[in-house]
Number of protein chains: 2
Amino acid sequence: MGQNNNVMEKLNSVSVIDVAKAANVSIATVSRSFNKPEMVKPEVREKILEIAANMGYTANSAAKSLRSKKTKVIGAIIPTLDHSIYATMINAFQKKLSEQGYVVYILTCGFDASDIFDKVTLLLERGAEALLIVGKILDKNLEKYLLKFKIPTICTYSYHHDSKFPFIGFDNYASTTTIVEYLYSLGHKEIAMICGPLKGNDRQIARVESFKNFMTSKQAEHSVWECKNQYNIASGKEILKEIVISNPNVSAIICNSDVIAFGVLAGAKELGIKIPEQLNVIGYDNLEFAEYLTPPLTTLNIPAEEMGILSAKAVLDNLNNQQPLKSYLLKTELIVRESTNPD
Amino acid sequence: MGQNNNVMEKLNSVSVIDVAKAANVSIATVSRSFNKPEMVKPEVREKILEIAANMGYTANSAAKSLRSKKTKVIGAIIPTLDHSIYATMINAFQKKLSEQGYVVYILTCGFDASDIFDKVTLLLERGAEALLIVGKILDKNLEKYLLKFKIPTICTYSYHHDSKFPFIGFDNYASTTTIVEYLYSLGHKEIAMICGPLKGNDRQIARVESFKNFMTSKQAEHSVWECKNQYNIASGKEILKEIVISNPNVSAIICNSDVIAFGVLAGAKELGIKIPEQLNVIGYDNLEFAEYLTPPLTTLNIPAEEMGILSAKAVLDNLNNQQPLKSYLLKTELIVRESTNPD
DNA sequence: TTGTACGCGTTATCAG
DNA sequence: CTGATAACGCGTACAA
């Protein structure tokens with residue numbers, strides 16, 4: 001290895017011209033045998049296909065794209081693959097698209113989506129024909145850009161009525177209201193929320209707002225704790241300790257991720273805080289482990305896989321059948337388990 | 001929307017020709033301003049770059065690839081993104097590559113890697129310049145194919161000395177031996193292993209073999225339980241029940257995934273089996289949650305992120321500097337916690 | 001049903 | 001340092 005190992009060169013060493021010569025037909029007939037089979041006499045086509053296979057012919061996708069202006073590539077921009085909640089969606093998205101020969105470019109951007117212009121253009125310049133984005137598009141320039149070039153773009157994990165782009169997601173604001181209402185109905189008068197990084201993160205912002213609005217409307221004590229660094233179990237544990245020290249009257253904690261809730265349960269155990277007797281804990285995402293925690297975690301189920309599949313279908317329908325992209329408001333569901341109970 | 005919304009057409013509406021005209025230079029100079037800046041007089045270059053930016057010029061990647069025979073795309077084939085252990089690696093891999101303007105195609109193949117020829121050719125035909133694959137390449141035809149076309153291919157998550165392809169991974173066989181030896185040294189005489197799907201999965205096969213060989217050499221009782229369906233917590237729980245019923249003398253269980261081990265702990269709790277007093281449990285992967293389980297899980301740490309980063313570096317070095325791909329045998333480490341102890 | 005010839009937008013070559 | 005032009009491999013009018 002080392003010298004002259006160019007993949008394209010090797011892979012595309014035999015072209016339509018070679019096949020045409022070998023089959024004693026024109027290049028047009030070869031091309032048509034692959035792309036418009038019904039236009040070629042069956043015997044001729046079969047012969048060409050066979051010869052092409054024997055010669056190891058592979059269409060050059062760059063040339064194909066250049067000519068046809070289609071790449072069969074979809075771009076996806078997500079915060080990170082390191083959270084199963086995004087990985088699950090992308091997994092479903094990718095699987096569905098690959099059934100139709102589409103391939104997915106994946107780019108991670110961290111939780112701050114306010115600065116993803118570069119990532120978007122990178123994918124677009126590389127030929128992405130449509131985009132999947134997590135959350136709302138916050139950068140006005142990006143919004144203009146996508147609109148100007150009519151890039152088919154789907155936003156997920158959120159739902160905003162005022163958006164210029166279709167959303168296939170769920171209502172973060174309403175979902176959190178469901179959670180807080182439930183906790184309030186249980187009699188909790190002072191509740192804390194542990195949220196993820198807020199900057200450029202419309203999901204977290206909506207949840208915090210919903211929480212604050214509800215609690216304020218009831219004139220109930222409340223506090224918000226931002227998990228700024230690592231979004232993991234250790235953080236949840238740490239933040240619990242801070243909460244306990246500075247707000248000892250908190251009787252329930254809303255975690256905006258099951259991972260954080262996991263940490264809170266772990267921290268509570270260490271501190272000797274009984275759950276749910278002394279403290280109620282509620283998660284978000286309904287990850288697989290939630291029901292196996294001690295105690296089983298009350299949490300909010302979100303339609304991760306469904307978002308991926310529906311988004312893929314929408315993209316396919318748009319690209320293949322010119323169907324306009326529609327929004328879907330998907331349902332979430334509060335799964336009550338044993339980490340919450342009446343005060 | 002609906003008609004004539006071709007992304008490429010819109011995005012590449014202004015070409016080098018337009019920029020050249022506007023800047024009053026030749027197209028060659030425009031091209032060079034972007035790709036070989038040192039060959040263009042600074043003032044001229046700056047002017048061209050500015051004009052190009054104002055006109056919204058974007059190079060057509062298909063044309064670029066067609067001419068240069070480079071795509072700056074890397075393909076990755078992994079079992080699933082739905083397991084954080086793979087997602088973590090891919091996340092690191094992708095992040096590193098994107099620093100150099102590379103983009104990653106991700107395709108999932110399930111756990112059976114014996115039939116991925118189609119996936120490989122799909123990625124290659126789409127222009128992937130190099131490949132990242134999880135596990136050993138089992139299909140002889142695929143092996144021949146990759147060798148014939150000299151596709152830069154890195155295999156991960158395993159390490160085989162007899163492989164025709166470089167491995168950036170760890171030794172599954174030896175790692176399991178470490179685990180079994182440790183358990184045996186603790187005095188366990190009958191051990192069970194819960195493994196993942198075996199078909200087309202060299203990692204699981206190596207671990208099972210290692211386990212059987214060691215136990216046989218000690219003439220110790222042992223059994224292997226294949227987790228055929230879902231590779232999740234519920235399965236671990238279920239299989240534990242089967243083990244307890246049919247092999248009541250088992251005093252230790254090796255789980256080939258922390259997720260399975262999680263299920264075993266959950267099942268044990270339900271059955272009233274005390275861990276580690278009545279049963280030792282050991283995991284694999286050292287996922288984040290392992291140390292927070294009850295009891296904290298003894299497990300094997302694997303270098304997921306490191307594999308991703310090193311693989312990315314190797315690919316970059318191969319593509320940019322013609323450096324041959326080298327193998328790296330990375331270390332694993334047994335993390336002893338409280339789910340194991342002397343008999 | 002098939003063949004000819006052109007153009008897609010870029011980079012590489014070669015001459016200046 | 002710059003310009004003119006060929007070539008990359010394919011799809012598709014248009015002609016036959």
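DNA strand C is surrounded by 25 residues, the closest of which are S26(A), S15(B), V16(B), S31(B) and A63(B); here a residue is near a molecule or strand if its C-beta atom, placed from the backbone, lies within 6 Å of it. Two or more residues of this surface come from each of α3 (27–35) and α5 (61–68) of chain A and α3 (27–35) and α5 (61–68) of chain B. Helices (H or I, at least four residues) and strands (E, at least two) are DSSP runs, numbered from the N terminus. With five residues, α5(B) provides the largest share of the surface near DNA strand C. By class, that surface comprises 13 nonpolar, eight polar and four charged residues, where Ala, Val, Leu, Ile, Met, Phe, Trp, Tyr, Cys and Pro count as nonpolar, Asp, Glu, Lys and Arg as charged, and the others, Gly among them, as polar.

The model is predicted, so local features need pLDDT of at least 70 and side-chain atom pairs count only at pLDDT 80 or more, while totals for chains, interfaces and linings use all residues. Residues are numbered from 1 along each chain as its sequence is written, and chains are lettered from A and ligands numbered from 1 in the order in which they are written.

Around DNA strand D there are 26 residues, and the closest are S15(A), A63(A), S26(B), A28(B) and T29(B). At least two residues of the surface near DNA strand D are supplied by each of α3 and α5 of chain A and α3 and α5 of chain B. The surface near DNA strand D divides into 13 nonpolar, eight polar and five charged residues.

In chain B, helix α2 (residues 16–23) packs against α3(B), their axes coming within 8 Å and crossing at roughly 105°. Axes are lines fitted to C-alpha atoms, for helices over the stretch in contact, and angles run from 0 to 180 degrees between N-to-C directions. The two helices, α2(B) and α3(B), are therefore roughly perpendicular to each other; angles under 35 degrees count as roughly parallel, over 145 as roughly antiparallel, 65 to 115 as roughly perpendicular and the rest as oblique. On the α2(B) side the contact involves V16(B), I17(B), V19(B), A20(B) and A23(B), and on the α3(B) side I27(B), V30(B) and S31(B), with two residues in contact if their C-beta atoms, placed from the backbone, lie within 7 Å. Seven of the residues in the contact of α2(B) with α3(B) are nonpolar, one is polar and none is charged.

The contact between the two protein chains takes 55 residues from chain B and 54 residues from chain A. On the chain B side, at least two residues each come from α1 (7–11), α5, α6 (84–98), β2 (103–108), α7 (117–125) and α12 (258–271). The largest share of this side, eight residues, belongs to α6(B). The side of chain B that touches chain A contains 27 nonpolar, 18 polar and ten charged residues.

Chain A is divided into domain 1 (2–65), domain 2 (69–169 + 304–330) and domain 3 (172–303), with bounds that come from an automatic or database domain assignment. The C-alpha centres of domain 2 and domain 3 of chain A lie 29 Å apart, and their contact takes 16 residues from domain 2 and twelve residues from domain 3. On the domain 2 side, α6 (84–98) and α13 (304–321) of chain A are the elements that give two or more residues, and α13(A) gives the most, with four residues. That side of domain 2 divides into eight nonpolar, four polar and four charged residues.

Also in chain A, the axes of helix α9 (residues 172–185) and helix α10 (residues 202–217) come within 8 Å and cross at roughly 40°. Helices α9(A) and α10(A) are therefore oblique to each other. The residues of the contact of α9(A) with α10(A) divide into six nonpolar, four polar and four charged.

Some backbone details of chain A complete the description. Most residues other than glycine have a negative phi, and most peptide bonds are trans. A cis peptide bond joins I275(A) and P276(A), with omega about 10°, and P276(A) sits in the loop between α12 (258–271) and β9 (280–282) of chain A. The bond from T294(A) to P295(A) is cis, with omega near -5°; P295(A) is in the loop between β9 and β10 (299–301) of chain A. Y157(A), although not a glycine, has a positive phi of about 70°, and Y157(A) lies in the loop between β4 (153–156) and β5 (167–170) of chain A.
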